[in-house]
Amino acid sequence: HAQPLCFLALIMASPSHAGGTVIYLHGFGDVAASRDCLFRSLQDASKASGLTLDAPSYHPGGNIQATRLPAFLEELRALAESLPLGHFTAIVGFSVGGLLAALFQDRYPHLVKKVVLLAPAIDNFARNFEGRSEQEWYMPAAYVAELKQLPARPTVKVPSLLIHGQLDNDDGGSALWRVQEWASSEKFEACYYP
């Protein structure tokens, strides 16, 4: 967790971010960020810096089957616009949360200053649903149809840090080669592959 915290330390050191909000987007299937060790680390760092940390869930009421990614992106947009600064200082996203952070900054670059992507679940439709029968899908058809319409590899439009482990694979997120291929065609501030 040292790299994202170092990145956030840079954000926190800037006086222009005083009173700002950092969003943490969890991995798929997580419904309580408070149990997440990364969230707790970010919470401690945010408190020390005067930033607010929020961790909205994209699983409505904890119901994973009710997840709708475009609707959640709209909820994030409304939240950012409602803030005193009118934007998020940063979004930190893990796995599907990383995909959502990337999608948000692609769609609304004026509403977020920086993103930290931790093992972002890019190529999500291709990895999990393409070429499989609907009976094999672990999510409802509406979710799959919406996912198919979203960019598999969002365009990076704001300062972004990418961290993806050497052992991450398509079973729990995107394989390293996918993320490296994406990174080679985008302008990330930094990429780390520990």
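Tutor: Let's start at Phe 88: leaving out residues up to four places away in sequence, Phe 88 touches Thr 21, Ile 23, Leu 76, Leu 79, Ala 80, Leu 83, Phe 104, Leu 111, Val 112 and Lys 113. Keep in mind that this is a predicted model.

Student: What makes those count as touches?

Tutor: Contact here means heavy atoms within 4.5 Å, and each residue on the list, including Thr 21 and Lys 113, touches Phe 88.

Student: Which residues touch the most other members of the largest nonpolar core?

Tutor: Phe 88, Ile 91 and Phe 104 do, in a core of 39 residues. S1, H3, S3, H4, S4, H6 and H7 each supply at least two residues of this core. H4 gives the most, with 7 residues. Apart from this core lies another, of 13 residues, with Tyr 24, Phe 39, Val 92 and Leu 118 among them.

Student: Why is strand S1 called largely enclosed by the rest of the structure?

Tutor: Buried means under 20% relative accessible area. In S1 (residues 21-25), 5 of the 5 residues are buried, so the strand is largely enclosed by the rest of the structure. Thr 21, Ile 23 and Leu 25 point one way, Val 22 and Tyr 24 point the other way, and all of them are buried.

Student: How do you know that S1 pairs with S2?

Tutor: Pairing takes at least two bridges, and 3 bridges join S1 to S2 (residues 52-54), so they pair, and they run parallel. As for who faces whom, Ile 23 stands opposite Asp 54 in S2.

Student: How many bridges are there between S1 and S3?

Tutor: There are 4, in the parallel sense, with S3 covering residues 88-94. Val 22 stands opposite Ala 90 in S3.

Student: What makes S4 and S5 a strand pair?

Tutor: Set the count against the cut-off of at least two bridges: S4 and S5 have 4, in the parallel sense. Val 116 has Leu 161 in S5 as its bridge partner. S5 and S6 also pair in the parallel sense, over 3 bridges, and there the partner of Leu 161 is Ala 190 in S6. In S5 itself, Ser 160 and Leu 162 point one way, Leu 161 and Ile 163 point the other, and all are buried.

Student: On to the rings. How many aromatic pairs does a search of the whole structure find?

Tutor: The search finds 9. One of them is Phe 104 with Tyr 108, tilted, at 5.2 Å centre to centre and 50 degrees between the planes. Both of these residues are buried.

Student: Why is the pair of Phe 129 and Tyr 138 called tilted?

Tutor: Pairing needs centres within 6.5 Å, stacked means planes under 30 degrees apart, and edge-to-face means over 60. Phe 129 and Tyr 138 have centres 5.0 Å apart and planes at 35 degrees, so the pair is tilted.

Student: Buried, partly exposed or exposed: what are Phe 129 and Tyr 138?

Tutor: Phe 129 is at 1%, so it is buried, while Tyr 138 is at 39%, so it counts as partly exposed.

Student: Why is Asn 124 called buried?

Tutor: The limit is under 20%, and Asn 124 has a relative accessible area of 5%, so it is buried. Asn 124 lies in helix H5 (residues 124-128). Leaving out residues up to four places away in sequence, it touches Val 96, Leu 99, Phe 129, Tyr 138 and Leu 147.

Student: And the whole protein: what percentage of its residues are buried?

Tutor: Buried residues make up 48% of the 194. The protein has 7 helices and 6 strands, running α-β-α-β-α-β-α-β-α-α-β-α-β from the N terminus. Of the contacts between residues at least 6 apart in sequence, 74% join residues at least 24 apart.

Conventions:
Residues are numbered from 1 along each chain as its sequence is written. This is a predicted model: local features need pLDDT of at least 70, side-chain atom pairs count only at pLDDT 80 or more; totals for chains, interfaces and linings use all residues. Side-chain values use heavy atoms; hydrogens and water are left out. Rings of Phe, Tyr and Trp (its six-membered ring) pair if their centres lie within 6.5 Å; planes under 30 degrees apart count as stacked, over 60 as edge-to-face and the rest as tilted. Buried means under 20% relative accessible area, exposed over 50%, partly exposed in between (1.4 Å probe, protein chains only). A nonpolar core is a set of buried Ala, Val, Leu, Ile, Met, Phe, Trp, Tyr and Cys residues joined through side-chain atoms within 4.5 Å.
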